[in-house]
Amino acid sequence: VFVCLFVCLEVIQLTLFMSIVEEIHMKLLRCAAFAVLDESREETVRPFEIANSYGLFRRMTGVGGRPEVSISGSNDSIHWIEYNFKYKTDNVDEMPAFCAPHQPRLDWQMWFAALGRVEHNLWLQVLAIRLLEGEPSVLALMGQQPPQLQTPPKYVQMNSWTYHYTNYGSKNWWNRTQDSGQYLIPVGLKTHSDVIKQINTHVYGGLSECAPTKQGSLARVLTFIRQKASAAFDWLPIVLLVVLALVLWTSTN
């Protein structure tokens, strides 16, 4: 009886949640469509970070495993510690994070990068540079880092992995196998200074000297709300399940 009740609750929760997500999704689509109608309107809403243009897939990937790219830091190029992300799949013992309808920009782009090569994703090289520099605005996009990465490492590297779900009863959520070759060889600010200078100056037009985007009052309020609400997304499925259980319990009594 308990199993049947649990299954029914899960179905109801999923149905209710998907209907809410679909409604929010359609509203976000209309906001995104408005934002990209012309450059002037896009420039107007850009400081608020509430809309981005994107394309839908004709075919989803990951049937033969989920491709992912990991980023590791080291001070001796021998012992490597992986960076943590807020939502992206990385640690095999962590449950997949709940983020819908939010679409984390960095985690989303990392998944796209895993479908190709670093030569096709030059922004990842800039990401490695920013991690070597300990750029706060970049680290804020990522998860809580281990103590070894609280200060900028001397070297950063990237590896390609293929993730698969584990079987029921396993202590881990994922199994992963490392793909052949490295996605990005170990780089450092001193050992690859010429390459870094070329990327900053020629490829991205002096990105390191770009001025930060100025935020108005409304943009700061939205940023504050996002920071406070980010942790609440992880608890939303549990809250919905408890509410539905209470509704069913009160309706039967």
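S77 is partly exposed, with a relative accessible area of 38%, where partly exposed covers the range between buried (under 20% relative accessible area) and exposed (over 50%), taken with a 1.4 Å probe and protein chains only. This serine lies in the loop between β1 (66–74) and β2, and S77 has a positive phi of about 60° although it is not a glycine. Most residues other than glycine have a negative phi.

The model is predicted, so local features need pLDDT of at least 70 and side-chain atom pairs count only at pLDDT 80 or more, while totals for chains, interfaces and linings use all residues. Residues are numbered from 1 along each chain as its sequence is written, and side-chain values use heavy atoms, with hydrogens and water left out.

The predictor's confidence in each residue, pLDDT, runs from 0 to 100, and its mean for the protein chain is 76, with 62% of residues reaching 70 or more. Over residues 204–211 pLDDT stays under 50, and the model has 12 contacts beyond four places in sequence for them, a contact being heavy atoms within 4.5 Å. Where pLDDT is low, the predicted coordinates should not be read in detail.

A search of the whole structure finds 5 salt bridges, each defined as a side-chain nitrogen of Lys or Arg within 4 Å of a carboxyl oxygen of Asp or Glu. One of them joins R66 to E68, with the closest N and O atoms 2.5 Å apart; R66 is partly exposed at 33% relative accessibility, whereas E68 is buried at 1%. E68 also forms a salt bridge with K88, the closest N and O atoms being 3.3 Å apart. Because E68 lies in strand β1 and K88 in the loop between β2 and α3 (105–114), this pair ties together parts that are 20 residues apart in sequence. K88 is itself buried, at 6% relative accessibility.

Helix α4 (residues 123–133) is mostly covered, with 9 of its 11 residues buried, among them L124, V126 and I129. Within this helix E133 forms a salt bridge with R130, the closest N and O atoms being 3.0 Å apart, and the two residues, 3 apart in α4, are separated by about one helical turn. R130 is buried at 9% relative accessible area, while E133 is partly exposed at 38%. After α4 comes G134, whose phi is positive, near 70°.

Key. Helices (H or I, at least four residues) and strands (E, at least two) are DSSP runs, numbered from the N terminus.
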